[in-house]
Amino acid sequence: MDFVVLKRDGETRARTGRLAIPSGTAQTPLFMPVGTQASVKALGPDDLREAGAEIVLGNAYHLYLRPGVDVVREAGGLGAFMAWHGPTLTDSGGYQVMSLAPLRVLKADGVLFRSHIDGGEHFFSPESVALIQHGLGAGIVMSLDECPPYPSSREEAEASVARTTLWAGRFLEALPPGPAPFGIIQGSTYPDLRARSAAEITRMGFPGYALGGLAVGEPREVRNRVAEAAISFLPENSPRYFMGVGAPEDILASIAMGADMFDSVYPTRNARHGNALTSGGRLNLRNLCFERDFGPLEEGCHCYACRCFSRAYLRHLFKAGEVLAFRLVSLHNLSFMFRLTAMARDAIEAGRFLEWSREFLKAFSGDSNEE
């Protein structure tokens with residue numbers, strides 16, 4: 001992997017960059033759509049390309065269980081399997097350590113999961129997760145970590161940091177050549193533990209680093225305070241990935257802190273609930289005020305949904321239970337997210353990121369139609 005910082009903002013830590021791996025190049029800051037099971041919900045690869053996606057995510061835990069690593073490998077790797085001919089990234093399953101806590105037993109050398117599909121037991125070690133992701137053929141792979149819940153006691157957070165460091169070293173040793181590995185920083189909401197985790201993980205020389213264990217339910221002000229400190233501990237010449245961040249407000253705050261990469265189900269999940277993202281705020285398309293609104297979701301947006309359909313039609317689809325609504329608003333919301341990060345890059349290049357982000361958030365914060 002090759003990463004170069006192209007431009008730094010003069011008033012914040014925001015920067016633009018270029019990240020290149022053999023399967024393609026991406027411009028940072030960038031938002032990555034989540035295709036947990038080799039599919040971004042309701043959207044096909046052509047939709048993703050039209051919207052402006054540059055990197056698409058998969059999840060090693062879920063793809064290991066179904067359809068299985070061998071199937072994906074025989075198909076030519078994750079990108080070929082899902083007909084996405086661009087960079088891919090796989091999460092390690094560390095988030096499932098938290099989200100599937102009732103179905104797992106945490107051990108010193110890995111995690112024993114009971115499958116949520118059929119109840120079968122599967123042991124995930126740092127070594128096996130390295131081989132799973134290599135087998136899936138992802139361009140960027142994440143080290144196995146322990147993502148603690150919020151809140152976590154200091155003792156729990158310290159144990160998570162120690163385990164994540166141990167697993168990161170074993171993951172690196174076991175990973176065959178090919179994909180670019182990212183190390184993950186843990187420490188819950190304790191700044192000194194974040195500093196310790198960053199020091200231990202960065203010493204291993206990963207090509208890139210991720211901030212994990214945040215955006216898991218903590219108050220926004222706590223998240224921002226901890227994240228700002230943690231990002232400052234990461235190398236300037238490496239990409240910094242803030243995992244799980246998707247709300248526009250949080251992305252812009254994180255860009256200002258110096259983060260480069262983001263992922264979340266936020267835009268597509270909101271779409272399935274009838275919420276469209278626009279520069280003027282979130283629109284709840286189920287509201288009666290859109291029944292005879294024949295304008296596009298957002299003036300100036302060139303996505304397929306805005307080019308061809310009205311707010312009134314989209315409201316009708318949701319009220320009628322038509323699944324086309326999910327596709328159209330998901331496509332629009334992802335287009336919005338990619339346009340947001342593109343505008344952020346332009347503002348950084350122009351030396352006016354802080355001014356632009358304040359203007360954007362002032363317009364976006366209206367949310368007059370949100371539930």
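The model is predicted, so local features need pLDDT of at least 70 and side-chain atom pairs count only at pLDDT 80 or more, while totals for chains, interfaces and linings use all residues. Residues are numbered from 1 along each chain as its sequence is written, and side-chain values use heavy atoms, with hydrogens and water left out.

Of the 371 residues, 55% are buried, meaning under 20% relative accessible area with a 1.4 Å probe, protein chains only. Take the contacts, that is, heavy atoms within 4.5 Å. Among those between residues at least 6 apart in sequence, 67% join residues at least 24 apart.

Now to α7. Helix α7 covers residues 154-174, 21 residues in total, and reaches 30 Å from first C-alpha to last. That is close to the expected 30 Å, where the expected span is 1.5 Å times one less than the number of residues.

Which residues of α7 are buried? They are A157, S160, V161, R163, T164, T165, W167, A168 and F171. An α-helix has 3.6 residues a turn, so residues three or four places apart point the same way. The cover over the buried residues of α7 includes strands β7 (104-107), β8 (110-114), β10 (140-142) and β11 (180-185), along with helices α6 (126-136) and α8 (191-202).

Terms used: Helices (H or I, at least four residues) and strands (E, at least two) are DSSP runs, numbered from the N terminus. Buried means under 20% relative accessible area, exposed over 50%, partly exposed in between (1.4 Å probe, protein chains only).
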